[in-house]
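Subject: Structure for you to look at

Dear colleague,

Here is the structure I said I would pass on.

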Amino acid sequence: MRISGRTRTYGILGYPVGHSLSPVMQNAAFAQMKFDAAYLPFEVRPEDLRAALDGVRALGIAGVNVTIPHKEAVLAYLDDVDPEAAAIGAVNTVVNRDGRLIGYNTDGAGFLAALKSEARFVPKKRNVLILGAGGAARGIAHTVASAGAASLVIANRTVSHADLLAQGLSHHFPYLKVRTCELNPAAMEPHLASAHLVIQTTSLGMKPTDPSPIPSKMFRKDHVVCDIVYTKETPLLKAARSRGAKVSGGLGMLVHQGAAAIFLWTGRRPNMNVVKLAVAAGIRAKSARKR
């Protein structure tokens, strides 16, 4: 990579952000496209988010991704928000257009693209159980509803947060059956019995000591189980696989949502195979450093 005065700067805002593979992925994409740009991680505490966005404007940073815990809070500091992202209530991609910061959400589209390509599954007329009610869950839930899901259950440790997400979905999709429950096996069991698709959107599984939020005995062979954690096969996916369910990790979603962000920034699409290989290499390198 050659840096010059014409090199465009992009990045990711999060806290923490050191674990993110987005820099590996996006820099590989820029290199493959022969696009003169560099992508950097920016660790931003929640109380510094407004100052960080002011810095994006002042420094002429061309665009940023936004990750935990900023996806919802960032809306307050943007100049404009894409209608779909506004409906979702979360932003994961910001485009700097001549000092005006415009927010988008590519999480849902990235998830749906990965679901189709990897699991050969479409949510139309299917029952869906989503674990979590944060920024990623908002984007995925909205996209699954747009794709014609028959019903949606949102399980969250704080049910009131799930209720707020459910209310928003019911407003935009009045014919969708939306329910909520606590994120524990007993509360989820009756919903899991009728679910076709299970989507895990929380940070559970990122730590080696994390348990599976759903016991293996509750899965069936006809379940499709997705986890947006992308660094390894999570306890949830291992539990589902042990019962013969079809599983999909978060790598595909990461790559597809990242490619969608690059398209918003540049109007161009990277070679997906090159990006996937770069991310896979990044995961292997990170695992080797931990040994």
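Six strands form an open sheet in the order β2-β1-β3-β5-β6-β4, and the pairing is mixed. The edges are β2 (37-43) and β4 (80-81), each of which pairs on one side only. Please keep in mind that this is a predicted model.

Within the sheet, β1 (residues 8-14) runs parallel to β3 (residues 63-66), and four bridges join the two. One point to check by eye is Tyr10, whose bridge partner in β3 is Gly63.

Helix α2 (residues 49-59) touches β1, β3, β5 (93-97) and β6 (100-104), and its direction makes about 120° with that of β6. Helix α9 (residues 251-266) touches β1, β2, β3, β5 and β6; the angle between its direction and that of β5 is about 10°.

The other item is helix α6, residues 159-172. Its 14 residues reach 20 Å from the first C-alpha to the last, close to the 20 Å expected at 1.5 Å a residue. Which residues of α6 are buried? They are Ala162, Leu165, Ala166 and Leu169. Seen down the axis of α6, these buried residues fall within an arc of 105°, so they line one face of the helix. Leu164, Gln167 and His171, on the other side of α6, are exposed. The cover over the buried residues of α6 includes α5 (135-146), β8 (151-156) and β9 (177-182).

Regards

Note on methods
Residues numbered from 1 in each chain as written. Predicted model: local features only at pLDDT ≥ 70, side-chain atom pairs only at ≥ 80, totals over all residues. Heavy atoms only, no water. Pairing = 2+ DSSP bridges. Contact = heavy atoms within 4.5 Å. Axes fitted to C-alpha atoms, helices over the stretch in contact; angles between N-to-C directions. Expected span 1.5 Å × (residues − 1). Buried < 20%, exposed > 50% of the residue type's maximum accessible area, 1.4 Å probe, protein only. Arc of directions from axis to C-beta.
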